[in-house]
Amino acid sequence: MSTEPKSAGCLGVAMKRKEDPRFIQGKGHYVDDISMPGMLFLSLVRSPYPHAEIKSIDISEAMQVPGVKAVITGKDLEAAGLGWLPTFHGLDKQMVLAIGKVLFQYQEVAAVFAETRAAAVDGAEAVQVDYAPLPVVADPFTAKTDEVILRPDRENKTNHIYHWEVGDKDKTATALANSPKRIKERIWFQRCHPAPLEPCGCVAHFDSMGRLQFYVTSQAPHVYRTALAIVTGIPEDKIHVVSPDLGGGFGNKVPVYPGYVCAIVGALKIGRPVKWIETRTENLTSTGFARDYHMDVEIGATADGRLTALHVATTADHGAFDAAADPTKYPAGMFGVVTGSYDFPVAHAEVDAYFTNKAPGGIAYRCSFRVTEASYAIERAMDILADELAIDPVELRRKNFVRKEQFPYPSVLGFTYDSGDYQKTLDVTLEKIGYQALLKEQVEKRARGELMGIGFSTFTEVVGAGPSKHFDILGIKMFDSAEIRIHPTGSGIVRTGTKSQGQGHETTWAQIVGEELGLDPQNIMVEEGDTDTAPYGLGTYASRSTPVAGAAIAMAARRVREKARKVAAHMLEVGEADVEWKDYKFQVKGVPAKSVTMKEVAFAAYTNMAQNEPGLEASYYYDPPNMTFPSGAYVAVVDIDRETGEVKVRRFLAVDDCGTIINPLVVEGQIHGGLTEGFAIAFMQEIQYDKEGNNLNTNFTDYLIPTSLETPAWETGKTVTPSPHHPIGAKGVGESPNVGSPAAFVNAVIDALSPLGVRHIDMPITRDKVWRAIRQAEVLTT
Amino acid sequence: MNLQYSGEERIPVSPDVVWAFVTDPDKVGHCMPEVIDVTVQDPTHVEAVVQVAVGPVRGKFKLKVELQPDPARRRIDLKISGGGFGSAVDMTAGADVVDAGDGTTILKWSGQAVARGPVAAVGGRVLDAQAQKLITQAFGNVRQQLSLAT
């Protein structure tokens, strides 16, 4: 694998990440590194009750704490018209600080501003809140009864938030009824949390011009600027949002949180900068969680395994507010991709969401909106069907794949898949893992009573939101943008509306510019996250950066190239029509020896431009014509200790098809990271609530993060099926491993336990769950 | 997290002496384990600050205690609520004052508590045993104080 730029082009080159020297030397610049003269610190008073009336709030003792400058409550904000803020899809609102009652444990109740962080915490501890506990609704099935209405502030007095459906309900029911074979299983994708190592935080400061300077951990700085203008009434030109280096995001840093609004209000009220950095517990207990979908999956098939119908009915737990950061028209996100890689003749999917006394969220944790839930549901169900039919799950998948010649493929649930070659990807996987040898080994081990499992996941994602006719957040269409300036000496800068949180944009964006303009990507600077300088964009989440902003960069670069062509024609003393871009330089058609490089043209654009407009820059706002559909074929091999229930992931191979690869090193890193998160979700992580609404996973001793000791060694592979509508054929990959891997892990465990009659175990598959399943099976067979 | 406890103490004094003790808010307040400060509000209300340590969760709880004596002088109920460091606890405790007939008194007590917040989450694995120990210690303190008085 080459690690240096090719003389001809930059795509597919495993350039080392330009940003890494900064990070590995501890020179990253994060929000908590910002310090300003006179800066105050904010600490939030949070509710220990999941549901309670607030009878009174006494701040007198807190105001006596040395260093405390001010305390604000929900009533103060309400009086200023700032009591509530809209959630991103615009269909609900969220209290900034609790007004009248609290709806989830750790909800924000009051804000304390003090000279030091310690004084702010002491002040928060001294705020006396008198609560009257109310009945707790700790799960969506209790919520369904409407015996306790959690949100009387809403017009409809029910805990039911929405019903969403897609597909043909009647035809699906008929097809299922007529299917020779049917399976049905409730599959729960547990509530989990992205848990970025850097929690959320901000510094708010009104400068001498009265302009809000807002430094914040945001994956979508421009959306924040607009949202803050809407919420606070501050004119948008008087708001400057800067998102510096981010220590991970994974969707957690998309929503606007109450702490941000409080910091701004405090800075305005007190006239001094305010910093708010949440603790680990605050991050895990109050910011955007993910998943929590209870999915009743039903598949119909012929006796020989041809799929006939799919029905999925989901009960979704959205917590106290509907803060799922989904596009406006897609309250259940892209869950319609639940047919996966398979050619279902008919299908129907429906989602019913409910309020509960839990933290709000439902964000897209390292996945396009709700795609992970969908992928997990279909990939688990396919294995259950294979087991029922006594068919190899690989063959069941192969038999029902959307075939290569069917692309662009209109799924029965409304998406048009752009491209794919699922058979080929699966073949590569089987070859690399040595499937036949593994099967032989498994037979031998089973004969000895050993538990070995092989689990597959052949998933398809839908990413790159999205086409403006369908996708918006707060009404803003989900385009993205790029602005490129080429300097006289042939270096340049590219700015986009996205914001890297570790994806390597500083490298890959430079490579796209380098590829399109024949320039050295080492000398293309990438700048993101500053709303004063970057063009407007919707940010980085849901695998949209490369499909949308990456396309905008390519298109902006092509505009630069067109402008450069005019200068090149002048330099080559020919008409513009006689100049062609070939082999990464301009040359006279038919006379390759007569050529100029982009670097030479760049200098001329500032020194010898003739009648052409000086300078060499362009911008592009890209509205994607379709989503992109990355896919993959993953396989896990596990061994289970029969006595202890311990699962050992012996091998895991991920073969991804993310279209054109910009930088294989970055892709490899993304896959390793996503697989590690998928591994954690499959085996370790769950945000649990007890029936009284207590959050039981409030720190990293209870919400586990895998270290190198637990993490398996990953094997990877690739196939390349470019997207036909993306300018460079790229599809995005950052989220594929998190989307595709949980099902492979679980399928492998269930495959290992299948001789004992185990059909399904919900994640996380902890040692004790496996142990109990084995013991229970032994009891049943003796 | 719902917790329930019960037990009894034999106290070597008469029921009248026990009754006078358990209806005195200052005395009751000082029987709380790890108590730091007691402030009597009125004959049936007392506020107490206690040191709490459940697993890695440590800090001060500010508790409001309401004494609810039975007019027949046979039972005392206590309603305790409060919290600290982001946690909350709501408890009810009651004790029957039973004349043992030999000049001693049996205090039959029971209680239940609901804990919320970090004390319930982080301390969850050890909370039950710790709370049992504390409530047992509280009624043990009643016995000890009264025994010393004889």
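Let me start with chain B: its secondary structure comes to 4 helices and 7 strands. Both kinds of element are DSSP runs numbered from the N terminus, helices being H or I with at least four residues and strands E with at least two. Before going on, a word on the source: this is a predicted model, so local features need pLDDT of at least 70, side-chain atom pairs count only at pLDDT 80 or more, and totals for chains, interfaces and linings use all residues. Residues are numbered from 1 along each chain as its sequence is written, and chains are lettered from A and ligands numbered from 1 in the order in which they are written.

Back to chain B. Read from the N terminus, the order is β-α-α-β-β-β-β-β-β-α-α. The C-alpha trace spans about 45 × 30 × 25 Å along its principal axes. The radius of gyration of chain B is 15 Å, which agrees with the value near 15 Å for a compact globule of 150 residues. That radius is taken over C-alpha atoms, and the globule rule is 2.2 Å times the number of residues to the power 0.38.

How much of chain B is buried? Of its 150 residues, 35% are. Here is the cut-off: buried takes 20 or more other C-beta atoms within 10 Å of a residue's own, exposed takes 12 or fewer, and partly exposed is in between, with C-beta atoms placed from the backbone. Now contacts, where two residues count if their C-beta atoms, placed from the backbone, lie within 7 Å. In chain B, among contacts with a separation of 6 or more, 51% join residues 24 or more positions apart.

One residue to look at is B:Gly59. B:Gly59 sits in strand β4 of chain B, residues 57–69. With 16 other C-beta atoms within 10 Å, B:Gly59 is partly exposed. Leaving out residues up to four places away in sequence, B:Gly59 touches B:Val52, B:Gly84 and B:Phe85. B:Ile106 is 47 residues from B:Gly59 in sequence, and their C-alpha atoms are 34 Å apart.

Next, the interface. On chain A, 13 residues are in contact with 17 residues of chain B. The chain A side divides into 4 nonpolar, 5 polar and 4 charged. For those classes, Ala, Val, Leu, Ile, Met, Phe, Trp, Tyr, Cys and Pro are nonpolar, Asp, Glu, Lys and Arg are charged, and the others, Gly among them, are polar.

Now helix packing in chain A. Axes are lines fitted to C-alpha atoms, for helices over the stretch in contact, and angles run from 0 to 180 degrees between N-to-C directions.

First pair on my list: α14(A), residues 505–517, and α15(A), residues 545–572. Their axes come within 9 Å and cross at roughly 35°. The crossing is right-handed, meaning that the near helix is turned clockwise from the far one by less than a right angle, anticlockwise being left-handed. Contact residues include A:Trp509 and A:Ile512 of α14(A), with A:Ile553 and A:Ala557 among those of α15(A). By class, this contact has 8 nonpolar, 3 polar and 3 charged residues. A:Ala564, A:Val567, A:Ala568 and A:Met571 of α15(A) meet A:Met598, A:Val601, A:Ala604 and A:Ala605 of α16(A).

Then α17(A), residues 664–683, and α18(A), residues 736–753. Their axes come within 8 Å and cross at roughly 40°. That makes α17(A) oblique to α18(A). The crossing is right-handed. Among the residues that meet are A:Ile671, A:Leu675 and A:Phe679 in α17(A), and A:Pro737, A:Phe745 and A:Val746 in α18(A). By class there are 10 nonpolar, 5 polar and 1 charged.

Last, backbone details in chain A. Which peptide bond is cis with omega near -25°? The bond from A:Ala465 to A:Gly466. A:Gly466 lies in the loop between β20 and β21. The bond from A:Met763 to A:Pro764 is also cis, with omega near -5°. A:Pro764 is in the loop between α18 and α19.

Two positive phi values to finish. A:Asp146, not a glycine, has phi near 60°. Its loop runs between α5 and β9. A:Asp146 is partly exposed, with 14 C-beta neighbours inside 10 Å. A:Ala610 has a phi of about 55°, in the loop between α16 and β29. With 10 other C-beta atoms within 10 Å, A:Ala610 is exposed.

How values were computed: Parallel < 35°, antiparallel > 145°, perpendicular 65-115°, else oblique.
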